[in-house]
Every structure is written in structure tokens, then in C-alpha cells.
Amino acid sequence: MNLDAMVPNYVRCFQNYVPSRPDHLLLQEYGAPLLHRLNNNENPLGPPPAAARAIASFPPELAAIYPSGDSYDLREALGRRFDISPDRFLVGNGSCEVISLIIKAFCQAGENIVTADKTFAVYEWVAKFSGIEARLVPLRDYAFDPQGMLERVDCRTKVLFVCNPNNPTGSYWTQQILTDFLEKVGDDRIVVVDEAYREFVEDELYPDAIRLMERFPNLVVFRTFSKMYALAGLRSGYLVGSDAVVDLVRRTSVAYSVNVQAQQAALAALSDDVEHIAATIALVKQGKALLRGVCNELELETIGGEGNYLMIRTPINDMLMYRRLMKRGMMVRTMTGFRFPGWIRVTLREMAVMESFAEALREEIKVIRK
Ligand SMILES: *Cc1c(COP(=O)(O)O)cnc(C)c1O
């Protein structure tokens with residue numbers, strides 16, 4: 001069998017993402033007494049109470065039955081929530097799945113996507129292993145650079161991805177910046193705004209991209225139940241677009257990719273999110289203040305805007321810092337993979353964990369600087 005001859009070059013050359021191993025193996029490897037995961041921007045409060053109840057009382061006999069193939073009830077609820085047609089939503093197995101759907105629907109060989117160099121990497125990955133060029137525009141002052149992106153657009157550009165707010169820097173475009181950008185891009189290509197962290201943003205100048213679709217029918221918005229709604233383990237996220245766009249994208253989607261429990265939990269979460277969101281925002285604020293304070297005291301530079309995460313510059317290589325913190329039971333995200341060598345990203349969690357993390361960081365920095 002000559003696999004090299006069978007597989008496209010862009011698949012053979014692709015370096016796949018290696019997920020972290022299960023807790024019990026990591027605890028063994030690092031000899032840590034416990035493990036706090038501060039690497040995936042998960043919400044430590046867990047899902048809103050109504051979603052928690054739906055999960056706890058899930059009837060096992062439903063596991064034998066295929067789910068709604070197009071997340072019917074969930075889309076109805078989303079339609080009511082945002083006051084638009086349920087047909088304008090396409091639910092996926094996490095919003096990562098809808099990234100693939102968009103690229104499949106719009107891009108073919110020789111075409112390209114445009115996004116930032118230091119952002120959520122899945123846009124770039126899906127493009128690359130699909131044989132599509134990913135044009136990566138450097139961030140400017142740690143934010144997506146609209147002018148820089150426009151300069152990279154050509155007649156083969158099909159999709160532009162804007163992460164708003166940006167993971168990992170927390171920067172975001174205001175309504176003004178986004179609408180100017182959409183005006184200049186024109187309507188011959190798709191602009192995706194990934195709002196995975198939108199529920200964490202409180203600034204009034206932050207745009208609600210769904211409300212801009214009347215004016216810009218080439219606009220597509222991604223949202224997820226993984227972050228604020230704390231349903232990352234069940235996998236559900238969705239895209240919203242104009243009727244015509246969603247009708248096309250739906251052709252690239254295999255029905256039944258969203259399981260029945262994920263659909264039920266997301267539906268329940270939507271109905272019971274007001275106090276949950278307020279409590280999560282309060283927790284993130286406290287965590288951010290604490291961690292910023294500790295970093296100031298240790299003279300470590302930070303980058304953090306909106307979102308439940310904070311980047312910290314480390315005085316040593318980020319992978320070495322990761323190992324040191326792991327031995328103390330603290331798992332962070334190394335940022336070399338995000339093209340930020342020498343930085344880590346830390347998920348903002350409940351105060352007890354933030355305090356333990358701060359202690360571990362203090363100790364390690366002391367040792368490093370000795
Ligand atoms: C976490 C994240 C997602 C989504 O993930 P799913 O769990 O697949 O819904 C999407 N975009 C960004 C920027 C993220 O950080």
C-alpha cells in the first residue's frame with residue numbers, strides 16, 4: 001500500500017492537533033496531587049440549572065432513538081430568542097463543525113480564506129487540510145487588523161473569519177469597525193464573525209452581528225453553547241446567516257451530528273440563562289482582577305480584554321512553564337501554537353482555584369528568578 005501516493009499533499013503535510021491526555025495519566029506523569037484545568041476556557045459554574053436538570057433526568061430509552069436531524073426544537077427556540085426565522089440557524093456538533101461546513105460550502109482548490117495569524121486556529125486548520133490557502137494577517141496592537149485583512153483579499157478569497165472577541169487576546173471590533181469592514185469587503189464573499197465569547201462582553205459598542213444581517217446578507221455568525229453555557233462536553237454550537245446562505249451551507253451538513261442530549265440541554269440552557277450569565281460574568285471579573293494584580297506584583301506582562309481568559313508573558317519558554325505548573329496541578333494553555341511563544345493563556349475560574357494558581361505562579365517565578 002503506497003499511502004503517500006493515495007493521500008493529497010495538503011493532508012500528508014498537515015500537523016494534527018494533539019489533545020491533552022486524560023487526568024489520571026497526567027497526574028501520574030507529573031506527580032501532581034490534583035489537576036485544575038485552566039486550558040480550555042470552560043465555565044466552572046456548570047450549565048444553567050434548567051440544563052443541569054435536563055441532563056440529570058435524561059431518559060435512557062431516548063439514547064436508542066435518533067435525535068432530530070436538524071435540531072428542530074432548538075432552532076425554534078433560537079428563532080424566538082433572536083426574533084428571526086428558525087431556518088436561518090444551522091446547529092452543529094460544536095461550532096467547530098460549522099467552521100468545516102462553511103469552508104466546504106464556499107471554497108474549492110485554488111481559493112483562499114483570510115483571518116488573523118494569532119487567533120482560534122481551527123479556521124486555518126480546516127482550510128489547510130482541505131487544500132485551501134489560509135491567508136494570515138498579523139494582529140495589530142493584539143487585535144484583528146481590518147485594513148491588513150482587506151489588503152489580502154483577492155478574487156479568490158471566499159471567506160473572511162473574524163473572531164470577536166478574539167481568542168486568545170480578548171480584543172474586539174466595535175459596531176463601527178465591523179460595519180466599515182463589511183462595507184469595504186462588499187458582498188462577493190462571506191464574512192464570518194465568531195462570537196464564541198459574546199455573552200462575556202458588556203461594552204455597549206460591541207456589535208450584535210445578527211442584527212447586521214439585514215444590511216449585509218453575506219454575514220455569518222457563529223455562536224456556541226460550550227463557553228458561557230458550560231455545555232462543552234455535549235458539543236453544540238450554531239451558525240446564523242441569511243436564508244440563502246444557510247440553505248447552501250446546509251447541503252454540506254450531515255444530519256444527526258448533534259446528539260439528543262446536547263439538543264435538550266442547549267434548549268433548557270437558553271430558557272434559564274439570565275442569572276447564570278450574571279454569575280459567570282461576576283466570577284470572571286473577580287478572577288481577572290486577582291490574576292492581573294498578582295501579575296503586576298510579579299512584574300509579568302498580561303494581555304486580556306473580554307472573555308474568560310487572560311494571557312500572561314512568562315520569563316521562560318511557555319512549554320517549560322507549562323511543565324512546572326503541571327507539577328503543581330495547574331494546567332494552562334501554552335501559546336506557541338497560537339504564534340505567541342513565551343506566553344500562556346489562563347482560564348478565569350472560581351476564586352479558590354485562582355488563588356491556588358496565583359500561589360503556584362508566585363512559587364515558580366520565585367524559583368526561576370533565583
Ligand atoms: C471554544 C471556541 C469555539 C468553539 O467551540 P465548540 O466547542 O466547537 O462550539 C469557537 N470559536 C472560538 C474562538 C472558541 O474559543
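## Ligand contacts

A polar side-chain atom of Tyr197 lies 2.7 Å from an oxygen atom of the ligand. A polar contact here is a pair of N or O atoms within 3.5 Å; within protein, one must be able to donate a hydrogen and the other to accept it, and residues adjacent in sequence count only if both atoms are side-chain atoms. Asp194 reaches a ligand nitrogen: an N or O atom of its side chain is 2.7 Å away. For Asn167, a side-chain N or O atom is 2.9 Å from a ligand oxygen. On its own, the ligand exposes 390 Å², and the protein buries 94% of that (Shrake-Rupley method, 1.4 Å probe).

This is a predicted model: local features need pLDDT of at least 70, side-chain atom pairs count only at pLDDT 80 or more, and totals for chains, interfaces and linings use all residues. Residues are numbered from 1 along each chain as its sequence is written, and side-chain values use heavy atoms, with hydrogens and water left out.

## The shell around the ligand

How many residues surround the ligand? There are 13, and the closest are Ser95, Asp194, Thr224, Ser226 and Lys227. A residue counts as near if one of its heavy atoms lies within 4 Å of the molecule. By class, the shell has five nonpolar, five polar and three charged residues. Ala, Val, Leu, Ile, Met, Phe, Trp, Tyr, Cys and Pro count as nonpolar, Asp, Glu, Lys and Arg as charged, and the others, Gly among them, as polar.

## The largest pocket

The ligand sits in the largest pocket (more than half of its atoms lie within 2 Å of the grid points). A pocket is an open set of points on a 1 Å grid over the protein atoms alone, with protein on both sides within 12 Å along at least five of seven lines; a cavity is a set where a 1.4 Å probe fits but cannot get out; lining residues have an atom within 4 Å of a point.

The volume of the largest pocket is about 1,200 Å³. Its lining has 38 residues; closest to the centre are Tyr17, Pro19, Asn39, Asn40 and Arg333. Two or more lining residues come from each of α3 (23-30), α6 (95-106), α7 (122-129), α13 (318-327) and β12 (333-334). Helices (H or I, at least four residues) and strands (E, at least two) are DSSP runs. α7 gives the most, with three residues. The lining divides into 20 nonpolar, 11 polar and seven charged residues.

The structure has one cavity of 30 Å³ or more. The largest cavity contains about 50 Å³ of space. Of its 13 lining residues, Asp117, Thr119, Phe120, Ala121 and Glu124 are closest to the centre. β3 (112-116) and α7 each give two or more residues to this lining.

## Backbone features

The peptide bond from Asn164 to Pro165 is cis, with omega near 0°. Asn167 and Pro168 are also joined by a cis peptide bond, with omega about 20°. Pro165 lies in the loop between β5 (157-163) and α9 (175-185), and Pro168 is found in the loop between β5 and α9.

Tyr142 has a positive phi, near 65°, in a residue other than glycine. Its place is in the loop between β4 (133-137) and α8 (146-152).

Methods
Points joined across faces, edges and corners; volume = space filled by probe spheres on them.
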